[in-house]
Amino acid sequence: MKDAAARAAVGAVLSRTRGGEIEIVEGGRSRVYGEPTDLHATVRINDPAAWRGPVHGSVGLGEGYVDGLWETDDLVALIQIGARSLAGQHRGISAAWSKARSGLHRLRGLVPENTRGGARANISAHYDLGNDLFASFLDPTMMYSCAYFPREGADLEEAQVAKLDRICERLQLGPDTHLLEIGTGWGGMALHAARTTGCRVTTTTISRAQHELASARVREAGLADRVTILLEDYRDLEGTYDRLVSIEMIEAVGWQYFDDYFHACDRLLADDGLFLLQAITVDDRLYEMEKASRSFANTHIFPGGCLPSLKRIADSIATVTELREIWLDDITAHYPPTLALWRERFFAAWDKLKAHGYDERFRRLWDFYLSSSEAGFRERRIGDVQMLFAKPSFR
């Protein structure tokens, strides 16, 4: 599509802006779209080619930002306004069309699948970017998931420790408990659980970089007798465990494998066991579209990723497990401050990251990723929940 045609098409969409005010500056001219509210963003067009990006959805929009074709004074606010303007429109897309588009994308290989080999490659594309990168913006726990702020003014480490404490409490961990964790990260949950409750932990990841650093952290903490770190796919795990935890790992499973994931959790858990799941979710009404979409996130950040909906989780639990849900807590409100602090720390560490070879395009890529995620949670296009499930003999 030519620049002028793309400008006209995007301008027609901008004319329906709601829930905020967007000012577009190009070639010395300025035009304002939307309505005065609490949100305002100014977008400066650096290259007319920038207009082509939004025609291709979040992928094109984000790629244009990464390439420097456009910039803004408030990326979070801009994407929030976009989310408000689009609210309700996506729900008008029929499930039949979404399903058809999903099938087309699969045939064309546009949506990566998480076979065992595919899952390793997809996980490596994000989590093996370098431990120095993640250490630069995460707190000392190295938890890469929504924190839980117990009080106003709590810092990131306090909020992550509070999150870990409430997980340990809900799972009723103690010295006689053997906990299985699916999705090690860099060992934060395993270390905290073993150190504070005395439980044994077996945890698994398929990221070699995570496995290497988590193993080193366990040795340094003197907990090698309590914590075992595996480099195995969850589908290949064996044994029976008293408790199971999986913190924001399900998003990497892939929609084709949700049943396999929950069946594995059920198979590995003792008949009187508890399973705590922390998951990023999408609205039930948007799930079919989530499956079908090529988004900026599942194209450039988390290949093969797909957010489940609460209904999709419930359907799997009901059909392939003996589990029953006994507790649910919506912690969505805690994600925007978590992401804001990650982004602040990321930019504060940028000079050091540049020394490790990360370039300006990478900085803009992660700015768009972190900002769009924060905006999504602020507008509740996506949510975050903690859910506790019990096997039949748990009392």
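Buried means under 20% relative accessible area. Keep that cut-off in mind; this is a predicted model.

Start at tyrosine 65 and phenylalanine 368. Both are buried. Their ring centres lie 6.0 Å apart with the planes at 40 degrees, so the pair is tilted. Now colour helix 2 (residues 57-66) and helix 16. Tyrosine 65 belongs to helix 2 and phenylalanine 368 to helix 16, so the pair ties together parts that are 303 residues apart in sequence.

Next, select phenylalanine 137 and phenylalanine 346. This aromatic pair is edge-to-face, 6.4 Å centre to centre, with 75 degrees between the planes. Phenylalanine 137 lies in helix 6 (residues 131-137) and phenylalanine 346 in helix 14 (residues 335-348), so parts 209 residues apart in sequence are tied together. Phenylalanine 137 counts as buried, at 0% relative accessibility. Phenylalanine 346 counts as buried, also at 0%.

Move to lysine 291. Its charged end sits over the ring of tryptophan 255, 4.3 Å from the ring centre.

Now show the largest nonpolar core, with 88 residues. Trp70, Tyr261, Phe275, Leu277 and Trp366 have the most contacts inside it. Helix 16 (residues 360-378) gives this core its largest share, eight residues.

Zoom in on phenylalanine 275. Beyond its neighbours within four places in sequence, phenylalanine 275 has contacts that include Leu171, Leu244, Tyr261, Phe262, Leu323 and Phe389.

Last stop: another core, apart from the largest one, has 27 residues. Select Met143, Ala194, Leu276 and Ala390, which are among them.

Definitions and conventions: Residues are numbered from 1 along each chain as its sequence is written. This is a predicted model: local features need pLDDT of at least 70, side-chain atom pairs count only at pLDDT 80 or more; totals for chains, interfaces and linings use all residues. Side-chain values use heavy atoms; hydrogens and water are left out. A nonpolar core is a set of buried Ala, Val, Leu, Ile, Met, Phe, Trp, Tyr and Cys residues joined through side-chain atoms within 4.5 Å. Buried means under 20% relative accessible area, exposed over 50%, partly exposed in between (1.4 Å probe, protein chains only). Helices (H or I, at least four residues) and strands (E, at least two) are DSSP runs, numbered from the N terminus. Contact means heavy atoms within 4.5 Å. Rings of Phe, Tyr and Trp (its six-membered ring) pair if their centres lie within 6.5 Å; planes under 30 degrees apart count as stacked, over 60 as edge-to-face and the rest as tilted. A charge sits over a ring if NZ of Lys or CZ of Arg is within 6 Å of the ring centre and within 35 degrees of the ring normal.
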